[in-house]
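I wanted to look up helix packing, the core and the aromatic pairs.

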Amino acid sequence: MNGTAQFQKNKETTIYTKLHNIIDSETGEILSQESEEIKTKAKEPDFVKVYLNTVMTFQGIKNISSDFLICLCNYITYANDEKTQMRVIINKMIKDEMSIKLNIKINMIEKYIRKSVEAGILFKTEYRGTYIVNPFLFARGEWKNIKSLQKKFDFINGIWKYTKKFKTEEETEQEKKHGEYTN
């Protein structure tokens with residue numbers, strides 16, 4: 001068995017072995033013993049996926065350091081469900097951390113952030129320093145959630161578009177009141 005076997009997806013592993021003893025009630029002697037293995041399929045471990053081949057094909061991406069993009073992955077939130085968009089908050093503290101990790105100046109971090117927005121890797125939100133992450137290019141979380149999030153993005157004429165805005169519960173209730181609700 002090689003060292004990577006434990007990471008193989010869909011591999012069946014034994015959780016525990018259950019022993020059944022048949023005992024003579026008069027003597028206490030074990031007459032026979034059976035074992036039953038309880039098994040499960042291994043789950044995919046937590047991960048951050050970076051689709052580098054996809055990233056590198058888009059115009060403008062080549063002007064962003066791959067080291068920056070990989071460092072950025074440390075700050076991306078998980079897609080914990082099918083509606084919660086992956087975000088990254090890049091405030092002064094995060095910029096300082098990235099600057100130290102990458103050994104570059106803050107203004108270069110800011111340049112890479114701008115280029116990431118231009119390239120469709122990140123999308124600005126109404127909150128300062130908070131960006132939505134394009135799940136076709138970077139993903140963190142379970143595949144079923146990422147797949148659902150990808151439905152809200154489109155690649156039109158060589159440009160990534162964030163096509164569906166996530167609505168707060170309050171916005172949804174307001175739309176329902178006014179008969180404008182769409183799912």
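My entries follow, from the overall picture down to single residues.

**Ground rules.** I am working with a predicted model, where local features need pLDDT of at least 70, side-chain atom pairs count only at pLDDT 80 or more, and totals for chains, interfaces and linings use all residues. Residues are numbered from 1 along each chain as its sequence is written, and side-chain values use heavy atoms, with hydrogens and water left out.

**Overall.** I found 6 helices and 9 strands in the protein chain; these are DSSP runs numbered from the N terminus, helices being H or I of at least four residues and strands E of at least two. Of the 183 residues, 29% are buried (under 20% relative accessible area; exposed is over 50%, partly exposed in between, with a 1.4 Å probe and protein chains only). I also looked at contacts (heavy atoms within 4.5 Å): among those between residues at least 6 apart in sequence, 54% join residues at least 24 apart.

**Helix 3 and helix 4.** How do helix 3 and helix 4 pack? Helix 3 (residues 92-102) meets helix 4 (residues 106-118) at an angle of about 105°, and the axes are 9 Å apart. Axes here are lines fitted to C-alpha atoms, for helices over the stretch in contact, with angles from 0 to 180 degrees between N-to-C directions. I therefore noted the two helices as roughly perpendicular (65 to 115 degrees; under 35 is roughly parallel, over 145 roughly antiparallel, the rest oblique).

From helix 3 the contact uses Lys95, Asp96, Met98, Ser99 and Leu102, and from helix 4 Ile106, Ile109, Glu110 and Ile113. I get 5 nonpolar, 1 polar and 3 charged residues in this contact (nonpolar: Ala, Val, Leu, Ile, Met, Phe, Trp, Tyr, Cys and Pro; charged: Asp, Glu, Lys and Arg; polar: the others, Gly among them).

Is Lys95 buried or exposed? Lys95 counts as buried, at 18% relative accessibility. Not counting residues up to four places away in sequence, Lys95 touches Ile90, Ile106, Ile109, Glu110 and Ile113.

I checked the loop between helix 3 and helix 4 too, where Asn103 lies. Asn103 has a positive phi of about 60° although it is not a glycine, and at 72% relative accessibility Asn103 counts as exposed. Met98 is in contact with Asn103, and also with Phe68, Cys71, Leu72, Tyr75 and Ile109, leaving aside neighbours within four places in sequence.

**Core.** The largest nonpolar core has 32 residues; such a core is a set of buried Ala, Val, Leu, Ile, Met, Phe, Trp, Tyr and Cys residues joined through side-chain atoms within 4.5 Å. Met98 is among those with the most contacts inside this core, as are Phe68 and Phe138. Helix 2 gives the largest share of this core, 4 residues.

**Aromatics.** I count 5 aromatic pairs (ring centres of Phe, Tyr and Trp, the last by its six-membered ring, within 6.5 Å; planes under 30 degrees apart are stacked, over 60 edge-to-face, the rest tilted). The Phe136 and Trp160 rings have centres 5.0 Å apart and planes at 25°, so I logged the pair as stacked. Phe136 sits in the loop between strand 6 (130-133) and strand 7 (138-140) and Trp160 in strand 9 (residues 159-162), so the pair ties together parts 24 residues apart in sequence. Phe136 is partly exposed at 29% relative accessibility, while Trp160 is buried at 9%. Phe123, Phe153 and Tyr162 form one aromatic cluster.
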